[in-house]
Amino acid sequence: MGNAKLVEAVQSKMKLRNSLLREFLAELLGTFILLAFGTASVAQCILTNKANGDFFSINWGWGIGVTLGVLVSGGISGGHINPAVSVSLAVWGKFPWNKVPIYMIGQYIGAFLASAMVYGVYLNALDSFEGDRTLATAGIWATYPGSITNVNGTVMTDYLSSGNGLGDQVVGTMLLLICVCAITDPRNMEVPKALIPLFVGFTVINIGVCFGFNCGYAINPARDLAPRIFTLVGGWGSDTFSATTNDGVAWWWVPVVGPHIGAILGVTVYEVFIGLHHPEAQEFTLPQVTPHQDTSTATHKF
C-alpha cells in the first residue's frame with residue numbers, strides 16, 4: 001500500500017498540466033516512432049544487400065511507421081508528425097500559427113533522436129558494411145536522387161534534375177494531403193477516428209509504391225532534414241549536404257521546400273474541389289479530434 005501511494009505521488013508530480021507542452025511531447029514521440037521504423041526498414045535492406053528487405057518492405061516500414069506514429073500522438077496533438085502538415089493547416093486557418101513552431105521543433109527533435117537510435121542499433125553492421133562512411137549508407141537516413149538502368153543496361157546515377165525532383169516532392173505531398181483531408185473530413189466518408197491512422201499509413205505506402213522511384217518520397221521535411229543533419233555530424237560529413245542533382249544544384253533543400261509547397265496545394269485542392277461545397281452549414285475544421293485530456297483543455301486538430 002505504501003508503495004502504491006509512492007507511485008501515485010510520483011505520477012502526480014510528473015503529470016503535465018500545460019496542454020501545449022503535452023502536444024510538443026506527443027509530436028516529438030510520434031515523429032520518433034515514424035523515423036525509428038522507417039529508417040530501420042531502409043537499414044535492413046541496405047546493410048544486408050536486400051537479403052532482409054527490398055523496395056516494398058521499405059514502403060511498408062514507412063507506412064506502418066506513420067500509422068503507429070499517429071496512433072501514439074493523435075489523441076494529444078492531432079498526430080501531424082510532419083511540419084508540412086502543420087504549416088498547411090495553419091495557412092488555411094485550421095491550426096493556430098502560434099503552435100506551428102512548437103510542433104515543428106518537436107517533430108525535428110523526434111526525427112533526430114530516432115536517427116541516432118537506429119544508428120546505435122546498426123552501428124556494428126555499418127562498420128562491417130563499409131569502413132568509411134559513404135552516401136550509400138547515408139541514404140538509410142535521408143533521401144537522395146535515385147539511379148536508373150537505361151535500355152542499354154547502363155546505370156545512370158545522375159538522371160534527376162532539381163526541377164524534376166522538386167516537382168516530385170510537390171506532387172507526392174499534395175497527394176498525401178488531399179487524401180489526409182478526405183480521410184479526416186467528418187462530412188465526407190465519415191472514417192471512424194480509430195481507423196484514421198491506418199488509412200493515412202496506407203496513403204503513405206501507396207505514395208511510396210507509386211512515386212518512390214525518383215528520390216525516395218520524403219514528403220516530410222522533418223523526416224529528411226533532421227536525419228540529414230544527424231549524418232552530417234555522425235560521420236558522413238558535408239557530402240550529405242553537397243550532393244547534387246544532374247544540373248549541379250544541391251539536393252538537400254528540395255525535400256524540405258517541396259513538401260511545404262505540396263502540402264499547401266493539397267489542402268487547397270481538397271478545399272476547392274470538395275471541402276468548400278459541403279451542404280452543411282457548420283464550418284469544416286479539417287479535421288477535429290477530441291484528445292484524452294482534462295475537461296478544461298481545448299480540442300485540437302489533426
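## A Charge over a Ring

A charge is said to sit over a ring if NZ of Lys or CZ of Arg is within 6 Å of the ring centre and within 35 degrees of the ring normal. In this predicted model, the charged end of Arg-133 sits over the ring of Trp-236, 5.4 Å from its centre. A further case involves Arg-228, whose charged end sits over the ring of Tyr-144 at 4.7 Å from the ring centre.

Arg-133 also takes part in a salt bridge: its side chain meets that of Asp-127 (2.8 Å, N to O). Arg-133 is buried, with a relative accessible area of 19%, whereas Asp-127 is partly exposed at 41%.

## Aromatic Pairs

A pair of aromatic rings is described by the distance of the centres and the angle of the planes. Eleven aromatic pairs are found in the whole structure. One of them joins Tyr-119 and Trp-236 edge-to-face, with 5.9 Å from centre to centre and 70 degrees between the planes. Because Tyr-119 lies in helix H5 and Trp-236 in helix H10 (residues 221-236), this pair ties together parts that are 117 residues apart in sequence. Trp-236 counts as buried, at 5% relative accessibility.

The rings of Tyr-159 and Phe-213 have centres 5.8 Å apart and planes at 20 degrees, so this pair is stacked. Tyr-159 belongs to the loop between strand E2 (155-156) and helix H8 (162-184), and Phe-213 to the loop between H9 and H10, 54 residues apart. Tyr-159 is partly exposed, with a relative accessible area of 23%, and Phe-213 is partly exposed at 46%.

## Salt Bridges

Side chains of opposite charge can pair when their charged atoms come close. The structure has four salt bridges. In one of these, the side chains of Glu-23 and Lys-99 meet (3.2 Å, N to O). Glu-23 lies in helix H2 (residues 19-47) and Lys-99 in the loop between helix H4 (83-91) and helix H5 (100-121), so the pair ties together parts 76 residues apart in sequence. Glu-23 is buried, with a relative accessible area of 0%, and Lys-99 counts as buried at 16%.

Asp-185 and Arg-187 form another salt bridge (4.0 Å, N to O). Asp-185 counts as buried at 1% relative accessibility, as does Arg-187 at 15%.

## A Nonpolar Surface Patch

A nonpolar patch on the surface has about 780 Å² of accessible area together; among its residues are Phe-55, Trp-60, Leu-198 and Val-209. Helix H3 (55-77) and helix H9 (196-211) are the elements that give two or more residues to the patch. Leu-198 is found in helix H9 and is partly exposed, with a relative accessible area of 35%.

Definitions and conventions
Residues are numbered from 1 along each chain as its sequence is written. This is a predicted model: local features need pLDDT of at least 70, side-chain atom pairs count only at pLDDT 80 or more; totals for chains, interfaces and linings use all residues. Side-chain values use heavy atoms; hydrogens and water are left out. Patches are made of residues with over 30% relative accessible area and no salt bridge: like charges are joined within 9 Å, nonpolar side chains (Val, Leu, Ile, Met, Phe, Trp, Tyr) within 5 Å. Accessible areas come from the Shrake-Rupley method with a 1.4 Å probe; for residues, only the protein chains shown count as cover. Helices (H or I, at least four residues) and strands (E, at least two) are DSSP runs, numbered from the N terminus. Buried means under 20% relative accessible area, exposed over 50%, partly exposed in between (1.4 Å probe, protein chains only). Rings of Phe, Tyr and Trp (its six-membered ring) pair if their centres lie within 6.5 Å; planes under 30 degrees apart count as stacked, over 60 as edge-to-face and the rest as tilted.
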